[in-house]
Amino acid sequence: MKSDELKPYRFPPLTSADYLAEEYVAPPLPVDNDSLLDEAKQAGFQQGLIEGRAKGIEQGFAEGRQQGYDEGRATGLTTSKALFEEASLPIDTLMQTLNDFYARAEHQQREATLALVTRIAGLVIQQEIATRPELLLSWIDDKLAQEQLQGSAFSVRVCEADFQAIETLAPEKVAEWRLLAQAHLTRGECIIDTEQQHFDLGCQQRLDTCLSTLAQSLNTSDPVA
């Protein structure tokens with residue numbers, strides 16, 4: 001190689017921009033820990049405030065919705081009950097009217113039945129005594145024996161038709177019983193008078209007792225006074 005062909009090498013200057021950019025490292029800046037902590041607290045506070053507000057709104061909405069549902073349901077039930085009672089009032093009035101009508105009709109029917117039974121029983125007894133006067137004789141004898149009146153002072157009152165029947169059937173009883181005929185008595189009526197009291201053993205008295213028991217039985221479930 002010839003000497004005139006060699007070229008000198010030049011090193012880059014130490015102050016060049018490329019060299020400085022590659023070799024120079026800036027020292028770290030000082031850190032303020034208290035400032036960073038405050039910033040972190042503030043950021044956390046803001047985030048917690050946002051999340052808490054959202055959570056509170058959601059919870060408040062749910063509780064308010066449930067409270068509104070409960071109050072609305074209670075109001076709806078009260079209103080519907082009032083409307084139902086108002087609507088059913090005419091029906092209740094009608095039912096009460098019908099019940100009263102049926103009760104009165106049943107009461108009148110019972111009274112009519114009792115009156116009919118009374119009339120029929122009275123006619124039957126009168127007819128029985130008229131055709132069988134010995135029944136009245138038997139009743140009087142039984143009562144005298146029951147009260148032990150034989151030998152005592154007493155008298156017997158009957159109607160005129162029964163007096164004639166006894167006089168025909170057992171004439172001795174007229175004097176023995178001091179038998180008296182009274183026009184106001186009906187057939188089957190008989191009253192025994194003593195010095196102390198009176199015994200009514202006629203058919204009407206027995207009939208009244210039976211009919212009174214029948215009337216009580218019929219009126220046991222009668223709601224009409």
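This report describes the fold, core, surface and charged pairs of one predicted protein model.

## Basis of the model

Because the model is predicted, local features need pLDDT of at least 70 and side-chain atom pairs count only at pLDDT 80 or more, while totals for chains, interfaces and linings use all residues. Residues are numbered from 1 along each chain as its sequence is written, and side-chain values use heavy atoms, with hydrogens and water left out.

## Overall architecture

The protein contains six helices and four strands. Helices (H or I, at least four residues) and strands (E, at least two) are DSSP runs, numbered from the N terminus. Along the sequence, these elements follow the pattern α-α-α-β-α-α-β-β-β-α.

Of the 225 residues in the protein, 20% are buried. Buried means under 20% relative accessible area, exposed means over 50%, and partly exposed lies in between (1.4 Å probe, protein chains only). The accessible surface of the protein is about 17500 Å², and carbon and sulfur atoms hold 57% of that surface. Accessible areas come from the Shrake-Rupley method with a 1.4 Å probe, and for residues only the protein chains shown count as cover. Among contacts (heavy atoms within 4.5 Å) between residues at least 6 apart in sequence, 65% join residues at least 24 apart.

## The nonpolar core

The largest nonpolar core consists of 19 residues, and Ile140, Val156 and Ile192 have the most contacts inside it. A nonpolar core is a set of buried Ala, Val, Leu, Ile, Met, Phe, Trp, Tyr and Cys residues joined through side-chain atoms within 4.5 Å. Two or more core residues come from each of helix 3 (134-146), strand 1 (154-158), helix 4 (160-169) and strand 3 (190-194). Helix 3 provides the largest share, five residues.

Not counting residues up to four places away in sequence, the residues that Val156 touches include Ile140, Trp177, Leu180 and Ile192. Ser155 lies in strand 1 and counts as buried because its relative accessibility is 11%. Leaving aside neighbours within four places in sequence, Ser155 is in contact with Trp177, Arg178, Ile191, Ile192 and Asp193.

## A nonpolar surface patch

On the surface, Ile91, Leu94, Met95, Leu98, Phe101 and Tyr102 form a nonpolar patch with about 630 Å² of accessible area together. Patches are made of residues with over 30% relative accessible area and no salt bridge; like charges are joined within 9 Å, and nonpolar side chains (Val, Leu, Ile, Met, Phe, Trp, Tyr) within 5 Å. Leu98 belongs to helix 2 (residues 33-131) and, at 35% relative accessibility, counts as partly exposed.

## Salt bridges

Side chains of opposite charge can pair when their charged atoms come close. The structure holds six salt bridges. A salt bridge is a side-chain nitrogen of Lys or Arg within 4 Å of a carboxyl oxygen of Asp or Glu. One of them joins Arg132 to Glu134, with the closest N and O atoms 3.4 Å apart. Another joins Glu147 and Lys143 (3.2 Å, N to O); Glu147 is partly exposed at 29% relative accessible area, whereas Lys143 is buried at 18%.

Arg157 and Asp193 also meet through their side chains in a salt bridge (2.7 Å, N to O). Arg157 lies in strand 1 and Asp193 in strand 3, so this pair ties together parts that are 36 residues apart in sequence. Both Arg157 and Asp193 are buried.
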